[in-house]
Amino acid sequence: MAARFCGIVFFLTLFPTGLNAARPAVNQELSTLFNELWTLDVNRMTPAVDYTISTQGRAGFVNQGNHVVQDHASLPLFSSVNETKLNNINTFSRFTKLLDNYEHSTGTAERVTAEERTEINLFLDAVLETEVMKRAHRYLVSKGKSSSILRLFKSQLHLIWFQLYRRQRNADLDSSGFEHVFVGETKSGTEIVGFHNWVQFYLQEKNSNLDYKGYKARDHDLPDQDDHVLNLQFSWHGLVKPVGSAFIGTSPEFEMALFTVVFLMNTERSTTVLVNIDQCQIELVVIRHGRSLGTAYPKLHSSNSRHIRQDSH
């Protein structure tokens, strides 16, 4: 049976709107584009083949700042991951080399070495070689949002994802879009911010730096091992993320392409786009930090094509 897309693991903190709040209209143009990207994502890992997850129990409600919570998952989220395949896929292998380049505490200056700059360039080169990013690039060029010159588009991606900026006032250059979204940060020693990537989750869990506490879901949208989108709770560096989100199994180029398109197609500080991808309806949330990315994450609205059945009533 084909794997369902809906495995967005929620790593955010609080939804800005209630579950029954009015939703924006589905963006059909971006839905079409993002389904193309989904089909082109040949580097996506296959659930139950390339990795296995164990969602276990439903996590309870936790107030932000509470670091003692009941554990509803005695086992790790990831039962197994095919690391050989992960390491043999160019974008994944170059992606993982970037994950240890950052200080997780905001307010602590980031120092980029020559070796780290090389790693960033090699990663961007690998991403730009994929059909996923090539398609996203063509779309952005057609909309006048990016240059057709590959070198200039690469510089644009670097500005969006890797340009260092201050996340805290009067602090050193301590953050970037890539660090926040894919690596995760801690703020003032009291909360986890960002951290929306499944590979980082797996590696931190494997190294005993992270403890999965259980999934977060409504009764009619319970997760299973085929999901590519999940909602969950976890602790990291002694802090707890009450609710978070991320894609599962998808390639870094797929995630970067989606969020880059949303970022460049809008100029508001905070943008939410509702899209249908495969069997899921999700919101993609992008928040700017000047000309760079402040944060980006998915919010699951419905899975198993439930939104299609509801709309047909």
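## Reading a predicted fold, feature by feature

Q: Where do we start: how much of the protein chain counts as buried?
A: Of its 313 residues, 57% count as buried. Keep in mind that this is a predicted model. As for secondary structure, the chain comes to ten helices and ten strands.

Q: What share of the contacts with a separation of 6 or more is between residues 24 or more positions apart?
A: That share is 70% in this protein chain.

Q: What does the pLDDT look like for the protein chain?
A: Think of pLDDT as the predictor's confidence in each residue. Here the average is 87, and 86% of the residues score at least 70. Over residues 10–21, though, the pLDDT is below 50, and yet this stretch has 39 contacts in the model beyond near neighbours in sequence. Residues 308–313 also stay under 50, and for them the model has one contact beyond four places in sequence.

Q: Now the sheets. What is the strand order in the open sheet that includes E6, and how do its strands pair?
A: The order is E5-E6-E7, three strands with antiparallel pairing. To spot the edges, look for strands that pair on one side only: here they are E5 (210–215) and E7 (239–247). On average, neighbouring strands of this sheet are turned by 35° against each other, ignoring direction.

Q: How many bridges join E6 to E7?
A: Seven, with E6 covering residues 229–236.

Q: What about the open sheet with E9, which order does it have?
A: Its three strands run in the order E8-E9-E10, and the pairing is antiparallel. E8 (270–277) and E10 (292–302) are the edge strands, each pairing on one side only. Neighbouring strands in this one are turned by 20° on average, direction ignored. E9 (residues 280–289) is joined to E10 by nine bridges, and His289 has Ser292 in E10 as its bridge partner.

Q: Which strands does H9 lie across?
A: H9 lies across E8, E9 and E10, and runs at about 60° to E9.

Q: How do H6 and H9 pack, and at what angle?
A: For a helix pair, check the angle and the distance between axes. H6 (residues 150–161) and H9 (residues 252–264) pack at about 90°, with axes 11 Å apart. Angles of 65 to 115 degrees count as roughly perpendicular, and H6 and H9 are therefore roughly perpendicular to each other. On the H6 side the contact has Gln156, Leu157, Ile160 and Trp161, which meet Met256, Phe259, Thr260, Phe263 and Leu264 of H9. By class that gives seven nonpolar, two polar and no charged residues.

Q: Are Phe195 and Asp278 buried or partly exposed?
A: Phe195 is buried, with a relative accessible area of 0%, whereas Asp278 is partly exposed at 32%.

How values were computed:
Residues numbered from 1 in each chain as written. Predicted model: local features only at pLDDT ≥ 70, side-chain atom pairs only at ≥ 80, totals over all residues. Heavy atoms only, no water. Axes fitted to C-alpha atoms, helices over the stretch in contact; angles between N-to-C directions. Helix = DSSP H or I, 4+ residues; strand = E, 2+ residues; numbered from the N terminus. Parallel < 35°, antiparallel > 145°, perpendicular 65-115°, else oblique. Contact = heavy atoms within 4.5 Å. Nonpolar A, V, L, I, M, F, W, Y, C, P; charged D, E, K, R; others polar. pLDDT = per-residue confidence, 0-100. Pairing = 2+ DSSP bridges. Buried < 20%, exposed > 50% of the residue type's maximum accessible area, 1.4 Å probe, protein only.
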